[in-house]
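Me: I'm new to this one and would like a quick tour. Can we go through it bit by bit?
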Amino acid sequence: MAAEEAVHGAHSEHSQGDAWSGGKVPFKASYGKLMMWYFLLSDAFTFAAFLIAYGALRFSMPTWPLPDVVFSTFPGGIHHAPLIFVTVMTFILIVSSVTMVRAVQEGHRENQKGVVFWMLLTVVGGLTFLGCQAWEWNTLINGEYMSVTRNTFGSHAEGGVYLDDEHGHAYKTGTEGEKFEAGDTYLLHAYHADGGHGDGHGDDHGDDHGAAHSDDKAHAHKPHTIEDRPGKEGAVEFISRRFTTESGASSHQTFGPYQFGALFFCITGFHGFHVFSGVAFLLIILLNVASGIYAERKNGYEMVEKIGLYWHFVDLVWVFVFLVFYLL
Amino acid sequence: MAGLSYEEGKKKVVYGFWLLGAVTIAEVIIALLGNGHIFAGVTIPKLIMYPIMIGLSLYKAYFIVNEFMHMKYEVRGLVMSVILPTMLLIWAVIAFLQEGGAWGKRRAEIKKKDAIQLNEGKATGQLVHPTELTGELRAY
């Protein structure tokens with residue numbers, strides 16, 4: 001129809017004047033809804049820029065931590081549940097998206113109670129997601145010592161064999177050390193000088209594991225450690241196991257690319273902030289619904305539809321955050 | 001939401017929930033299977049695994065935009081004004097991943113040159129001593 005009018009407009013000056021006089025709704029959407037779409041479009045570009053930055057930095061690194069190793073904790077002290085917790089988080093967000101659609105549908109039939117009920121469930125879903133994210137961040141920061149400048153998850157660029165165990169005790173000569181392959185990801189454990197491993201392992205003193213390590217002989221009780229900011233205040237020591245690679249080089253575990261931590265906290269934080277602001281807006285609209293403002297407008301609870309668009313967008317972004325950070 | 005009755009809409013929501021849930025579970029199973037977490041020693045090549053997971057995620061995104069955000073029921077002009085600009089991202093992905101790969105290659109090259117040792121007293125044809133050269137290369 002719009003195209004037809006445009007054609008006429010091109011031929012007659014009179015109808016072209018009409019086209020600019022207003023009163024027509026070519027997109028059949030209100031100003032508010034249309035602008036919500038364009039805001040989401042711009043927001044999509046922001047998120048895309050972040051995720052593309054993640055991709056570019058990942059492509060520039062020789063190694064990158066494997067997500068199924070990094071994200072394998074689950075509440076209750078479970079350590080080997082790869083990707084399970086984040087799957088639960090994804091489900092919570094999907095469910096809250098579904099309840100939001102229901103709220104919008106109830107709005108269309110002017111059912112105030114229905115809108116309140118389904119929006120409340122959506123708010124609960126959003127808060128649960130934020131709680132899960134808080135747990136995930138806390139585990140990474142306080143349990144595994146990740147930060148925006150430190151990545152305790154390193155990866156092997158080459159296959160090889162470890163020379164000492166997780167406490168820094170050298171394997172005996174002749175025994176097979178623990179093997180690893182290229183790309184294998186490890187977590188650097190923090191070293192606590194005061195407590196930790198007992199001294200019942202003193203019997204493997206004096207072992208000689210070839211000419212590769214001359215400083216290894218004094219291995220004794222303190223394992224080989226590294227610090228992220230040597231000498232600076234707040235630096236944490238991490239046990240760094242030694243190994244020899246297939247090509248014969250000897251080395252020790254190092255930190256992974258710190259960009260991983262920086263990108264993770266920045267991007268999931270930005271998404272979490274969207275969820276947080278989404279919950280805040282949902283609550284505001286929810287109060288308005290409950291007060292009966294929208295019922296009087298008789299426009300099918302359009303404000304609920306607008307905040308619904310935003311909420312689905314948060315879910316949409318999570319689809320890609322989930323893909324890029326946890327699956328690939 | 002033109003075109004759908006209330007009952008139809010409700011059915012569509014339940015359908016959407018199961019669909020999104022099933023696709024998510026499929027993605028996670030592929031990730032776990034492919035990385036050898038389900039059967040020890042069994043892995044899927046990344047070249048097969050990644051396109052499948054990307055495809056499934058794009059399908060989820062398509063479904064959310066189309067059904068949950070009701071894009072399907074909007075006027076064509078509105079749809080195009082939102083969808084067409086996002087097409088620019090296709091090139092952004094290609095260009096920046098390519099660029100990232102180039103950074104990595106350049107860094108590896110610099111590291112290789114850093115490791116070059118000159119034999120003292122041997123003619124090399126180089127005018128600059130490698131230790132000075134590396135300083136210059138680092139400026140990239």
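Me: Into which domains is chain A divided?
Reply: First, a heads-up: this is a predicted model, where local features need pLDDT of at least 70, side-chain atom pairs count only at pLDDT 80 or more, and totals for chains, interfaces and linings use all residues. Residues are numbered from 1 along each chain as its sequence is written, while chains are lettered from A and ligands numbered from 1 in the order in which they are written. The domain bounds come from an automatic or database domain assignment. For chain A they give domain 1 (27-148 + 259-327) and domain 2 (152-193 + 217-255).

Me: How many residues of domain 1 of chain A are nonpolar on the side that touches domain 2 of chain A?
Reply: The C-alpha centres of these two domains of chain A lie 38 Å apart. Their contact takes 10 residues from domain 1 and 8 residues from domain 2, counting two residues as in contact if their C-beta atoms, placed from the backbone, lie within 7 Å. Ala, Val, Leu, Ile, Met, Phe, Trp, Tyr, Cys and Pro count as nonpolar, Asp, Glu, Lys and Arg as charged, and the others, Gly among them, as polar. On the domain 1 side that leaves 1 polar and 1 charged residue, and the nonpolar count is 8.

Me: How far apart are the end C-alpha atoms of α7(A)?
Reply: The expected span of a helix is 1.5 Å times one less than its number of residues. With 33 residues (259-291), α7(A) should therefore span 48 Å, and that agrees with its end C-alpha atoms, which are apart by 47 Å.

Me: Which helix gives the most to the side of chain A that touches chain B?
Reply: Here 42 residues of chain A are in contact with 45 residues of chain B. α3 (31-59), α5 (84-108) and α9 (302-327) of chain A each supply at least two residues of that side. With 11 residues, the one giving the most is α3(A).

Me: Are α5(A) and α1(B) roughly parallel or roughly antiparallel?
Reply: Axes are lines fitted to C-alpha atoms, for helices over the stretch in contact, and angles run from 0 to 180 degrees between N-to-C directions. Angles under 35 degrees count as roughly parallel, over 145 as roughly antiparallel, 65 to 115 as roughly perpendicular and the rest as oblique. These two helices pack at about 170°, with their axes 10 Å apart. That makes α5(A) and α1(B) roughly antiparallel.

Me: What is the distance between the axes of α9(A) and α2(B)?
Reply: Residues meeting here include Leu316(A) and Phe320(A) from α9(A), and Ile64(B) and Phe68(B) from α2(B). The contact divides into 11 nonpolar, 2 polar and 2 charged residues. The two helices pack at an angle of about 175°, and the distance between their axes is 9 Å.

How values were computed
Helices (H or I, at least four residues) and strands (E, at least two) are DSSP runs, numbered from the N terminus.
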